[in-house]
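Q: Could you walk me through this one? I have not looked at it before.

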Amino acid sequence: MSLALSLGRRGQGRCWPNPAVGCVIVADGRIIGRGWTQPGGRPHAETQALAQAGEAARGGTAFVTLEPCAHHGQTPPCAQALIDAGVARVVVAIADSDPRVDGEGLAMLRTAGVAVDVGECAPEAQADHAGFLTRTTLGRPMLTLKLASSFDGRIATGTGESQWITGPDARRAVHAMRARHDAVMVGGGTARKDDPSLTVRDLGLAYQPVRVVVSRRLDLPLMGQLARTASEVPLILCHGRDADAELSRTWHDLGATLLPCEAKGGQLDPVDVMQQLGRHGLTRVFCEGGGALAASLIEADQVDQLVGFTAGVIIGAEGLPGIGAMGLSHLRDAPRYVLQSTRRIGPDTLHIWART
């Protein structure tokens with residue numbers, strides 16, 4: 001199952017809206033088939049592994065990181081494929097929370113006489129499939145918020161200089177994290193100030209995550225990097241329903257996908273933004289700022305994971321804070337997260353936190 005999990009991770013960021021599943025088939029004490037969800041969501045992991053195993057799968061054991069699907073979509077049910085292949089036993093890490101499956105795959109296998117075990121490496125599978133599970137149960141993608149800050153929690157000097165607070169090792173790690181997510185998200189202020197490309201660079205990848213910009217008025221640079229590459233790398237613009245119609249047409253003609261979202265308190269409602277992204281099919285979103293967007297997402301309880309890169313540099317109180325104003329008066333009201341891991345990245349420290 002550990003091997004199946006590692007195989008499944010190869011599909012992260014590439015197979016949405018489908019889960020990044022891994023499958024290993026074993027017979028007579030040796031591995032005869034392995035597979036993972038392919039780009040675009042198909043073929044599925046089980047199909048890949050069964051094709052590799054061939055007739056040798058009969059009487060074997062399949063290890064799958066998520067309950068095999070039981071519904072007819074663009075491909076037949078994987079549970080039926082395992083039955084037809086004559087697999088004698090299926091070991092599943094966790095059940096599928098998709099209402100179209102939700103135990104039906106396990107029931108189909110058992111009805112056909114296949115032995116089924118559930119729960120092997122379940123915590124690891126829950127973490128790997130967190131985006132898919134969040135989308136199928138809450139209607140939104142899993143959200144990771146990344147901040148690169150000084151020791152005293154600043155993301156730029158008082159004049160706005162921010163390149164570079166952290167070192168090249170940390171920046172390379174960020175690109176690797178982007179690659180494991182379906183989308184990279186920023187606010188309109190960051191897009192206007194930094195003119196980012198939001199792409200994965202220097203890793204030799206043949207694909208790019210979706211870029212998402214949250215901008216109520218769509219007042220983004222029409223000559224910037226995002227506009228110039230909108231037809232080449234997917235770009236989603238979450239905007240208010242009152243955004244200028246001419247700007248909407250311009251961005252559409254440039255190649256962007258526009259998602260109208262509800263407003264709340266003069267800004268886009270972060271809950272509706274996340275729901276709209278979930279309806280679009282995204283399962284894992286990597287948010288890189290800015291401070292106002294980060295604060296709104298935290299206040300709305302939409303942040304599942306915090307990723308912090310902290311550098312040993314001091315900027316001072318005049319520097320720009322990583323999180324915007326949240327209006328807190330009492331410490332008891334402050335959102336809290338639980339430390340998952342910490343390690344050194346070059347001269348910097350990486351710390352990852354999960355919601356309680």
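The chat below goes from the overall build to one hairpin.

A: A word on the basis: this is a predicted model, in which local features need pLDDT of at least 70 and side-chain atom pairs count only at pLDDT 80 or more, while totals for chains, interfaces and linings use all residues. Residues are numbered from 1 along each chain as its sequence is written, and side-chain values use heavy atoms, with hydrogens and water left out.

Q: OK, how many helices and strands are there in the protein?
A: There are 12 helices and 18 strands, where helices (H or I, at least four residues) and strands (E, at least two) are DSSP runs numbered from the N terminus.

Q: And what is its radius of gyration?
A: The radius of gyration, taken over C-alpha atoms, is 22 Å, close to the 21 Å that the globule rule (2.2 Å times the number of residues to the power 0.38) gives for 356 residues, so the protein is as compact as a globular protein of that length.

Q: What box do the C-alpha atoms fill?
A: Along the principal axes, the box is roughly 65 × 45 × 40 Å.

Q: New topic: how do β17 and β18 pair?
A: Strand β17 (residues 337-345) and strand β18 (residues 348-355) pair in the antiparallel sense over eight bridges; strands count as paired if DSSP finds at least two bridges between them.

Q: Which residue is the bridge partner of Ile 345?
A: That is Asp 348, in β18.

Q: And what about Gly 346 in that hairpin?
A: The hairpin has two residues between the strands, and Gly 346 takes a positive phi near 60° there.
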